[in-house]
Amino acid sequence: MPILPIYTFDQPVLRQETSQIEDDSAELQKLIKSMVITMRNADGLGLAANQVGKSLALTVIDLKHVKDWEDGDTLVLINPALIGTEGESVFEEGCLSLPGIREEIVRPEKIGVKFLDRNLKEVEMDADKILARIIQHEIDHLHGKYFIDYLSPFKLTLLKPKLSKMMRGTVETEYPLAPPYVQHHAVKGKVKRLRGM
Ligand code: NI
């Protein structure tokens, strides 16, 4: 299973609504396995399919950070949707698609969520604390949303130098990144010109 390159700010696939998954397939199971390996390699808490360039409503969560969890070590959520929220908490979030950025974000403290598991079996569960936090962050990805979208315009302005670096592809990470969107096209143009010579 290959480690997949992670897409960063502001690739179009990370801003689009992802597609619901209707059927199981060998391809889907392969993608799930690759996403788990990619998440572990990057030391991430969770990973959404569009973070590896696949516009599908699928996310994986590493449960090694979740206390008292005994049912396996990875949670796979297909077509997840919140069915209830309660309370409020503040937590410092980061994201593999926003390397070097960590910000305190307010979200509901407890959630109810429904989804299909990796065998496409329907599941409803409650979550709180860090697990509730990760699930909400990942569901946002599947709707084209980053956690920094919750920040004030002022705080966002302060992040602009870091975000520009991501868009130029000059950010450094310990895990492989997909080529940035703009640069990718610039390189294509260059290749075309060379061929024309
Ligand atoms: Ni993220």
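Trainee: Which residues of the largest nonpolar core touch the most other members?

Mentor: This is a predicted model, in which local features need pLDDT of at least 70 and side-chain atom pairs count only at pLDDT 80 or more, while totals for chains, interfaces and linings use all residues. Residues are numbered from 1 along each chain as its sequence is written, and side-chain values use heavy atoms, with hydrogens and water left out. Of the 20 residues in the largest nonpolar core, those that touch the most other members are Ile32, Met35, Leu47, Leu58, Val60 and Ile78. At least two residues of this core come from each of α1 (26-41), β2 (58-62) and β3 (74-86). The largest share, six residues, is supplied by α1.

Trainee: What makes a set of residues a nonpolar core?

Mentor: The members must be buried Ala, Val, Leu, Ile, Met, Phe, Trp, Tyr or Cys residues, joined through side-chain atoms within 4.5 Å. In soluble globular proteins, nonpolar side chains tend to be buried together.

Trainee: With which residues is Ile32 in contact, leaving aside its neighbours within four places in sequence?

Mentor: Contact means heavy atoms within 4.5 Å. On that basis, Ile32 is in contact with Leu58, Val60, Val76, Ile78 and Arg118.

Trainee: Why is Ile37 called partly exposed?

Mentor: Buried means under 20% relative accessible area and exposed over 50%, with partly exposed in between (1.4 Å probe, protein chains only). Ile37 has a relative accessible area of 33%, which lies between those limits, so Ile37 is partly exposed. Its place is in helix α1; helices (H or I, at least four residues) and strands (E, at least two) are DSSP runs, numbered from the N terminus.

Trainee: Why is the pair of Phe9 and Tyr146 called tilted?

Mentor: A search of the whole structure finds one aromatic pair. The centres of Phe9 and Tyr146 are 5.4 Å apart, with 50° between the planes. Rings of Phe, Tyr and Trp (its six-membered ring) pair if their centres lie within 6.5 Å; planes under 30 degrees apart count as stacked, over 60 as edge-to-face and the rest as tilted. The angle of 50° belongs to the rest, and therefore the pair is tilted.

Trainee: Which parts does this pair tie together?

Mentor: Phe9 lies in the segment before α1 and Tyr146 in the loop between α2 (129-142) and α3 (153-168), so the pair ties together parts that are 137 residues apart in sequence. Both Phe9 and Tyr146 are buried.
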